[in-house]
Amino acid sequence: MAASSSSSLVSVEASFFENLKGFILAVVSSAFIGSSFIVKKLGLQRAGASGTRARSGGYGYLKEPLWWIGMITMIVGELANFVAYMFAPAVLVTPLGALSIIVSAVLAHFFLKEKLQKMGILGCVLCIVGSTLIVLHAPSESSLTSVEEIWELATQPAFLLYLASAIAIVLVLILYCEPRYGQTNIMVYIGICSIIGSLTVMSVKAVGIAIKLTIEGSSQAASFQTWVFVMVAITCIITQLNYLNKALDTFNTTVVSPIYYALFTSLTIFASAIMFKDWSGQSASSIVSVLCGFIVVLSGTLILHSTREKDPASVTGFASYHPIKQLELVQHVNDHTPHLSTKLSLSN
């Protein structure tokens with residue numbers, strides 16, 4: 001009996017320290033990722049001052065050291081986040097990603113002069129609360145022992161339908177919406193980033209399992225599925241970063257960060273639930289809680305849109321959220337009506 005009690009105590013202590021490691025890594029990850037948004041945007045602004053900006057299809061930022069510092073900072077943060085999942089459960093690690101929003105908002109206030117209004121702060125809080133609610137009541141993950149198992153999950157009809165829908169929506173956003181509304185509607189770039197991001201997580205998770213199993217002695221290098229997931233992950237990451245750069249270069253960072261976090265987190269949980277069938281056996285209260293989380297996130301996103309502060313005028317001269325506001329801008333210029341300017345939010 002004494003031996004059993006001692007063994008149980010050791011197990012609890014080990015679990016505590018594992019969770020503590022995951023918690024510390026998750027906090028460090030959020031600090032690095034939140035900072036990377038600011039550093040990368042500073043690099044994009046510096047590159048845009050001497051050449052074609054990213055939102056106009058330019059890639060001059062690749063020659064800008066400051067952008068690379070931000071890129072390295074983001075990579076370090078993502079690696080820390082990846083390792084955190086090895087030590088702590090997702091319900092502990094994932095909500096802490098919201099800290100990156102606070103970090104980026106505070107740094108943007110000091111370095112980018114992007115002020116966040118009181119209602120904007122409320123919007124950020126709602127995004128964080130809603131996303132946290134979703135994660136806390138999200139279903140637990142099933143145990144997987146091989147890449148082949150993940151391949152079977154990835155090729156099931158339900159997830160193939162999600163995959164086809166995601167690709168179709170992304171193509172519409174890129175081919176139709178971006179040329180027309182990319183400079184005026186923040187949801188175009190963020191939508192592409194978030195949808196592709198959900199696929200990135202699924203493929204990266206498969207690669208992570210392959211690495212973990214290989215380290216444990218069961219090599220997955222010979223499985224062609226491993227390399228398919230690697231190629232998908234690389235393609236998704238490159239696409240995701242490209243459109244995230246455009247979003248950061250076009251819109252206010254204090255708006256990009258929370259919307260991106262909320263939409264990306266929601267779609268990732270949704271994709272994971274479909275692929276891994278985690279909703280099976282879940283209680284009605286958990287499902288309702290997740291739905292409430294989505295509503296809270298949506299409310300926060302709408303508040304952030306409505307309270308977005310006016311930015312310095314961009315070289316394109318477009319309004320930054322909705323095409324109708326372009327008409328308001330023209331009316332303002334023609335009539336010189338001061339009060340109309342409060343309705344506008346111009347992109348960088």
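## Close-up views of a helical chain

**View 1. Helices α8 and α9 meet in a left-handed crossing.** Welcome to the first close-up of this predicted model. Helix α8 covers residues 186-215, and helix α9 covers residues 224-250. Their axes lie 8 Å apart, and the angle between them is about 150°. An angle over 145 degrees counts as roughly antiparallel, so α8 and α9 are roughly antiparallel to each other. What kinds of residues make up the contact of α8 with α9? They divide into 19 nonpolar, seven polar and one charged.

**View 2. Ser203 sits in helix α8.** Let us zoom in on this one residue. Is Ser203 buried or exposed? Its relative accessibility is 2%. Buried means under 20%, so Ser203 counts as buried. Leaving aside residues up to four places away in sequence, Ser203 touches Phe229, Val232 and Ala233.

**View 3. Helix α7 passes helix α8 in a left-handed crossing.** Here we stay with α8 and look at its packing with α7, which spans residues 157-181. The two axes come within 9 Å and cross at roughly 155°. That angle makes α7 roughly antiparallel to α8. On the α7 side, the contact includes Phe159, Tyr162, Leu163, Ala166 and Ile169. Further α7 residues in the contact include Val170, Leu173, Ile174, Cys177, Glu178 and Tyr181. From α8 come Val188, Tyr189, Gly191, Ile192, Ile195, Ile196, Ser198, Leu199 and Met202. Sorted by type, the residues of this contact are 17 nonpolar, two polar and one charged.

**View 4. The protein chain has 12 helices and zero strands.** Now let us step back and see where these close-ups belong. Reading along the sequence gives the pattern α-α-α-α-α-α-α-α-α-α-α-α.

Terms used: Residues numbered from 1 in each chain as written. Predicted model: local features only at pLDDT ≥ 70, side-chain atom pairs only at ≥ 80, totals over all residues. Heavy atoms only, no water. Axes fitted to C-alpha atoms, helices over the stretch in contact; angles between N-to-C directions. Helix = DSSP H or I, 4+ residues; strand = E, 2+ residues; numbered from the N terminus. Parallel < 35°, antiparallel > 145°, perpendicular 65-115°, else oblique. Left-handed = near helix turned anticlockwise from the far one by under 90°. Nonpolar A, V, L, I, M, F, W, Y, C, P; charged D, E, K, R; others polar. Buried < 20%, exposed > 50% of the residue type's maximum accessible area, 1.4 Å probe, protein only. Contact = heavy atoms within 4.5 Å.
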